[in-house]
Structure formats: structure tokens, C-alpha cells
Amino acid sequence: MNRRTAFGSLLLLSTSLIPAAALAQGAGGPPVQSTPGAADTGTAAPSEEDAEAEEQVEISGPGASQSEDSGEIVITARNIPNVIRATPEVVSVLSSADIARTGEGDIAGALSRVTGLSVVGGRFVYVRGLGERYSLALLNGSPLPSPEPLRRVVPLDIFPTSIIASSVVQKSYSVAYPGEFGGGVINLTTKSEVEEPFLSVGISTGGDTETAFQPAYGYYGSKTDFTGFDDGTRTLPRAFRQALDSGKLIAVGPNFSRSQLQGLTASLSNAPTTLIQRFDAPANVGISLTGGTNHSVPGGGQELSVLFAASYSSSWETRGGLQQIAAGITPVGGEDTLQPDVDYRFFSTENRILVNGLVGFNFKFGEHQLKWTNLFIRDT
């Protein structure tokens with residue numbers, strides 16, 4: 001009797017320990033496995049595949065958190081409108097407001113306020129003190145050709161500050177610019193849109209005590225030399241051009257007679273271009289004209305802006321001194337001495353006439369924009 005009672009008690013105890021999930025399985029429900037060692041909560045334990053998917057993945061990178069509390073990957077973006085802070089190169093940027101605050105009339109004078117730039121002769125801008133060989137000037141991203149055949153640098157005094165939107169000076173290399181500069185690159189950007197129509201006229205004069213109203217030497221030239229253009233005085237006569245085009249030797253002989261050569265020589269204009277005259281050099285003068293306007297095209301969303309600039313300047317420079325040329329060392333009194341083989345005093349007068357013009361059109365329609373800029377430079 002005692003054995004039956006003990007067996008019945010054990011049977012009742014084992015029955016009470018059967019989980020509800022087993023009863024549900026017996027009732028036709030899906031098999032559910034309880035988590036070993038956990039309390040009976042009725043939740044299923046993850047399978048081996050789910051356990052592998054939930055394993056912590058080690059990630060090393062910006063924004064990747066390795067803490068146990070956070071498994072998120074954070075992506076951070078930056079928007080830096082400041083060009084100087086955004087670019088990895090060494091640059092200096094002058095906006096239109098910065099250029100206006102300098103109070104200069106041309107961009108060469110405004111760039112003299114930038115650290116690392118030097119202006120030579122009031123016209124040529126050098127980066128970091130290096131010469132013209134190591135500098136490059138761009139206008140709207142396109143290289144500017146120098147008006148002087150023997151110089152690489154471009155005189156930037158021809159650009160008035162009123163038409164420049166920004167000036168970027170880069171002192172280190174980048175793939176965005178041509179690699180033919182060693183000192184730096186200057187990129188000038190002209191204004192695209194004209195907010196309000198404007199017109200400005202400037203007149204300047206100046207000189208130095210060695211040149212202005214002092215003795216100078218020159219020749220008469222043509223009547224329009226003061227504009228930088230010749231009126232035909234230096235043009236070869238037709239008979240002389242025909243003799244040159246013939247390819248024959250211009251000398252007395254079977255091709256040309258003595259009378260023909262005398263006629264060719266007499267047809268040349270000699271005195272106005274070869275006779276040296278003494279006069280008093282005038283003062284330097286300059287005239288500039290800058291303007292712009294805009295027009296809205298009927299239909300909406302379309303606008304045409306026109307920007308133009310023109311300037312004329314005439315400057316004089318007189319130089320004099322002693323010029324000596326030595327070909328070698330000559331012994332004098334038992335000592336090697338450098339003596340000049342050519343020794344003379346010189347006196348020269350230079351009249352530089354600069355005429356330039358710039359015309360720009362900007363047509364904006366919708367999200368598109370067309371920009372055309374034309375530059376004319378004549379340096380005489």
C-alpha cells in the first residue's frame with residue numbers, strides 16, 4: 001500500500017511539471033521549444049541560424065559604434081560653403097564685397113592686399129615673389145594670353161573691379177587647374193548677373209618727376225599713334241610689296257634697274273618714323289568706361305545680362321644712365337681687371353599705349369545658364 005501511494009504521488013508531481021506548450025502540442029499546435037534554464041514564458045528559443053545572424057559584427061569606420069548598447073551605423077555629412085575651409089589646397093578668395101572694400105579701381109591693386117602676392121609696376125601680379133615664369137592667370141577658368149610676346153605674365157590692371165565677381169589665388173597644385181605653374185594661379189571670374197543697370201566713367205592722370213614735362217626723345221610717327229593704331233604711315237607701298245612678293249633679289253641687275261630701285265626707296269616714308277626729335281614728355285592719362293544692364297525676356301524665367309568695360313591709357317617713361325659691356329678679363333698692372341669693351345651713356349623714352357575692351361553676355365533660362373565673354377587687348 002505504501003509503494004502504491006508513493007508511485008501515485010510521483011505521477012501527480014510529474015504531471016504538474018508538464019509545460020503548457022506540451023499540452024498545446026498535444027492539442028495539435030506547432031512544436032515549441034522552451035529555452036533551457038529559463039522560466040516558462042511561452043517564447044521560443046532562437047535557432048542556430050538566427051543566433052549566427054545576431055552575432056555582433058566588428059566594424060571599423062566613421063560613425064560605427066562598437067558598444068554593446070548600440071549596433072547602429074551612423075553616417076555623417078558636411079556642408080561647408082566657405083571655399084577656403086572646404087578645399088585642401090592653399091587658396092585665398094576675394095569676393096565682390098572684399099574687392100569693393102579695398103577701394104582699388106583695378107583688380108591688380110585689389111590683389112596687392114592678399115598675403116603672398118606682390119604687384120610689379122602696378123600691373124603684373126606675382127605669387128609668393130616668384131617671377132612671371134611661375135605664374136598663371138585665368139579668366140573664367142580659361143588661360144589668359146599675354147599681350148607681350150616676350151613675357152608670360154598678363155597685366156591685370158586692365159580689369160576694373162566693378163566687373164569682377166571673385167578672385168581665387170591658389171598657391172599649391174590641384175587637378176582642377178593646368179599644371180604649368182609653379183608659384184601659383186590666379187583665376188578671375190566676371191560677373192554673370194547684373195542686379196541693377198549701372199554706368200561708371202573714370203579719368204586718371206599722373207607722372208613722375210623724371211619723366212613728366214621733362215626732356216624726352218621720340219619721332220613724329222603717324223597722326224593716330226596716340227590711339228595705339230597706325231593710320232597707314234608704316235604700311236609698305238604697293239610697288240615695294242610687289243617687289244618683295246616676286247621673290248627676286250632687290251638689287252641693280254637683271255631684275256631691277258637703278259631707276260626702279262630709286263623709285264622704290266623714294267616711296268618709303270622715312271622722316272616721320274626715323275627722324276629723332278626732342279620734346280617735353282606729357283603726363284600719363286587714363287580713361288575707363290564700365291557698365292552693365294539686364295533685361296527680362298517676356299514669358300518669365302528668362303533673363304539676359306550684358307556687361308562691358310573699355311579703357312585707354314597712355315604712359316611715358318624716361319630712363320638714362322651708363323651702360324657698360326665687358327667681354328672678358330684684361331690684366332692691368334699685373335692684376336686681372338674687368339674692363340668694359342663698350343662704355344656709353346644712354347637715354348631712352350618709352351610711350352606705352354594700352355587699349356582693351358571686354359563684353360560679356362549671360363542668358364539664364366530655368367535652371368540653365370549660358371555665359372559668353374570676349375576680351376580684347378592691344379598693347380603698343
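Analyst: The side chains of aspartate 379 and arginine 352 meet in a salt bridge, with 3.1 Å from N to O; the term stands for a side-chain nitrogen of Lys or Arg within 4 Å of a carboxyl oxygen of Asp or Glu. Aspartate 379 lies in strand β16 (residues 368–379) and arginine 352 in strand β15, so the pair ties together parts that are 27 residues apart in sequence. Strands (E, at least two residues) are DSSP runs, numbered from the N terminus. This is a predicted model, in which local features need pLDDT of at least 70 and side-chain atom pairs count only at pLDDT 80 or more, while totals for chains, interfaces and linings use all residues. Residues are numbered from 1 along each chain as its sequence is written, and side-chain values use heavy atoms, with hydrogens and water left out.

Strand β15, which holds arginine 352, covers residues 342–365. Arginine 352 is buried, with a relative accessible area of 11%, whereas aspartate 379 is partly exposed, at 22%; buried means under 20% relative accessible area, exposed over 50%, and partly exposed in between (1.4 Å probe, protein chains only).

A search of the whole structure finds 5 salt bridges. Among them is the one between arginine 234 and aspartate 230, whose closest N and O atoms are 2.8 Å apart. Arginine 234 is partly exposed, with a relative accessible area of 38%, and aspartate 230 is also counted as partly exposed, at 32%.

Terms used. Helix = DSSP H or I, 4+ residues; strand = E, 2+ residues; numbered from the N terminus.
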